[in-house]
Amino acid sequence: MEGFKAFLMRGNVIDLAVAVVIGAAFTQIVNSIVKGVINPLVGAFGSKDLESYSSCLKGPCVTDPKTGETTEGIRILWGSVLSATLSFLITAAVVYFLMVLPMAKYLARRAAMQAAKEGVQETLEVSELEVLKEIRDALVSQRGGPAGETGETPGRGDE
């Protein structure tokens, strides 16, 4: 039970659950756009709705007028496949251009800022080291020469 609790409390599981819920809601929006706007536009080039486009593979296709189901022949409903493909492409394009691409740009910008920040930090560390060396050299010269000549260790005076 503890392992399951730890699994649920991880950030990735919660993020994934939120993504699934938002994805499901977004899919309904895309399906509505495809069925309400794109299918009729594509259907304007023909005589019916895109979902209704089909071909008869074998024999004459006879459709029952009451149920709308094919009673004879083999009907291929390629219009619904085309509609689903359009839904997928629209969903993929929106996810890529509104979520993936901006996030990639943001992460690249953030990495560049982090690299620049690390470069500034390195420069500061080198500058501090140089200043400390200059202070040491000035103290050594005030005492009368290199540390080896006076027998004293730099930084330790008459304390």
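## Exercises on a predicted chain

The protein chain has 4 helices and 2 strands; helices (H or I, at least four residues) and strands (E, at least two) are DSSP runs, numbered from the N terminus. This is a predicted model, in which local features need pLDDT of at least 70 and side-chain atom pairs count only at pLDDT 80 or more, while totals for chains, interfaces and linings use all residues. Residues are numbered from 1 along each chain as its sequence is written, and side-chain values use heavy atoms, with hydrogens and water left out.

**Exercise 1.** State how strands β1 and β2 are joined.

Solution. 
1. Read along the sequence, the elements follow the pattern α-α-β-β-α-α.
2. Strand β1 covers residues 55–63 and strand β2 covers residues 70–76.
3. Two strands pair if DSSP finds at least two bridges between them. Here 5 bridges join β1 to β2, and the strands run antiparallel.

**Exercise 2.** Classify the pair formed by Tyr-96 and Phe-97.

Solution. 
1. A pair of aromatic rings is described by the distance of the centres and the angle of the planes.
2. Rings of Phe, Tyr and Trp (its six-membered ring) pair if their centres lie within 6.5 Å; planes under 30 degrees apart count as stacked, over 60 as edge-to-face and the rest as tilted.
3. The count by this rule is 1 aromatic pair. Tyr-96 and Phe-97 lie 5.0 Å centre to centre with 80° between the planes, so the pair is edge-to-face.
4. For accessibility, buried means under 20% relative accessible area, exposed over 50%, and partly exposed in between (1.4 Å probe, protein chains only).
5. Tyr-96 has 39% relative accessibility and therefore counts as partly exposed. Phe-97 has 52%, so Phe-97 counts as exposed.

**Exercise 3.** Which residue forms a salt bridge with Asp-137, and how far apart are the closest N and O atoms?

Solution. 
1. A salt bridge is a side-chain nitrogen of Lys or Arg within 4 Å of a carboxyl oxygen of Asp or Glu.
2. The count by this rule is 1 salt bridge.
3. The partner of Asp-137 is Arg-136, with the closest N and O atoms 3.0 Å apart.
4. Asp-137 is partly exposed because its relative accessibility is 41%. Arg-136, at 43%, is also partly exposed.
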